[in-house]
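Open the model in your viewer and keep the selection panel handy. We will walk from one stop to the next, selecting a few residues at a time.

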Amino acid sequence: MDFELESYVAGILRDIRERGIEAVKEYSKKFDGYEGEFLVSEEEFEEAERLIPEKDKEIIKRTIERIRFYHEKQLENDKLYIRNASLYGIIYKPIRRIGIYVPGGKPLPSTLMMVGVPAKIAGVKEIAVTIPPKNGKVNPYVLYVAKLLGIKEVYKLGGIQAIGAMAYGIGMKKVDKIFGPGNKFVNEAKRQVFGVVGIDSLAGPSEIAVIADESANKEYVLYDLLSQLEHGKDSKAWLLTTSRELAEYCIRDGIEVVLCKSLEECAEKANEIAPEHLEIITENPMGLVDLIDNAGAIYLGEYTPVPAADYFLGVNHVLPTGGAAKFSGVLTVMDFMKRISLAYVSREEFLAERYLGIRLAEIEGLEMHKRSMEVRR
């Protein structure tokens, strides 16, 4: 734990909580050099659409189509059953209002697609997007994606102040859950507001591990590893291989090369790492899938590189990092929904079975629990 970072973020969140919109404005001016209106106007949406070439508009539409097609398959139906004339089960309801944080350093319209599309499929009614402004403007591609998804609430807000505004309902209506990646300050702010609101995850630096054997194309493997290091100096890349030739070819700054005796050993190393992205480029990649327990996403074969998954395959690129793949997984439509337990019990079943509850209430010493069941006739 970085206690200095924790204290710094806590101080800003406390200030935002206490002073409200004035504090948000001050931090926006300090960190983003911005002093104007936070909510993006209709005119700005229209200007953004004019700025984007028609060819790029088609690329964005086609990409959204592919993401929608993949994610629609994830919707789960209510799970209800009848027993002894009683109804039991689980019903699914969408979260009513979410916030999406889109990083502003390198504007990422793909992030808004990957979060916004499944949210819409889930039936989320209200979506607020925050993104740090650059020279007082929001990236036109991000605004165009928002328009295509029917998102009208986009705020020129970044950093800790954006997370605080969404969590505490300052300058906007409070959200119920926050999604989207950010830098260490955004991540820490999300961690600290968890409980006030829900959060998707605490995403760290990008990671890739590649399992490859002698059949792998050396150039494909190298560039896949380098592609993830492009995200920043903290990004991580591992090559797990049985090929000495490939191992020597991929020795580069930032790439950790592990020469293994067998592909089974490669798989076990991958499970220890629990990488965000795992590529398997071997003669029989499907043969290793059963050996992999810990990975955010598994990409098989020569033509499934991570960058393709980041953009156009349709699979989601919001994935667990930092070993979190040992206990969590990829963002899905169901992350935007809540499971609600449902029961509608018949008189016959209740009276026949209540002795179970009455005795358990006696064991636990909860008299009113017992009486609640006893008084029913």
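Start with the open sheet of 3 strands, whose order is β1-β2-β13 and whose pairing is antiparallel. Strands here are DSSP runs of E with at least two residues, helices are runs of H or I with at least four, and both are numbered from the N terminus; two strands pair if DSSP finds at least two bridges between them. Select 79-83 and 337-344 to see the edge strands, β1 and β13, each of which pairs on one side only. On average, neighbouring strands of this sheet are turned by 15° against each other, direction ignored; axes are lines fitted to C-alpha atoms, for helices over the stretch in contact, and angles run from 0 to 180 degrees between N-to-C directions.

A word on the model before moving on: it is predicted, so local features need pLDDT of at least 70 and side-chain atom pairs count only at pLDDT 80 or more, while totals for chains, interfaces and linings use all residues. Residues are numbered from 1 along each chain as its sequence is written, and side-chain values use heavy atoms, with hydrogens and water left out.

Next, the rings. The structure holds 6 aromatic pairs (Phe, Tyr or Trp rings, the six-membered one for Trp, with centres within 6.5 Å; planes under 30 degrees apart are stacked, over 60 edge-to-face, the rest tilted). Select Tyr34 and Phe38: their ring centres are 6.3 Å apart and their planes stand at 50°, so this pair is tilted. Tyr34 and Phe38 are both buried (under 20% relative accessible area, with exposed over 50% and partly exposed in between, for a 1.4 Å probe and protein chains only).

Then jump to Phe179 and Phe336, a stacked pair at 4.3 Å centre to centre with 20° between the planes. This pair links distant parts of the chain, 157 residues apart: Phe179 is in strand β6 (residues 177-179), and Phe336 is in the loop between α13 (306-311) and β13. Phe179 counts as buried at 0% relative accessibility, and Phe336 is buried with a relative accessible area of 0%.

While rings are on display, which residue has its charged end over the ring of Phe69? Show Lys73, whose charged end lies 3.5 Å from the centre of that ring (NZ of Lys or CZ of Arg within 6 Å of the ring centre and within 35 degrees of the ring normal). Lys218 does likewise over the ring of Tyr249, at 5.0 Å from its centre.

Move on to the open sheet of 5 strands, ordered β10-β9-β8-β11-β12 with parallel pairing. Its edge strands are β10 (255-259) and β12 (297-300), each pairing on one side only. Strand β9 (residues 236-241) pairs with β8 in the parallel sense over 6 bridges, and Thr241 in β9 is the bridge partner of Ala212. Show helix α11 (residues 263-273) as well: it lies across β8, β9, β10 and β11 (277-281), running at about 160° to β9.

Finish at His277, in strand β11. His277 is buried, with a relative accessible area of 1%. The His277 side chain reaches the backbone oxygen of Glu207 at 2.6 Å.

Methods:
Contact = heavy atoms within 4.5 Å. Polar contact = N/O pair within 3.5 Å; in protein donor to acceptor, adjacent residues only side chain to side chain.
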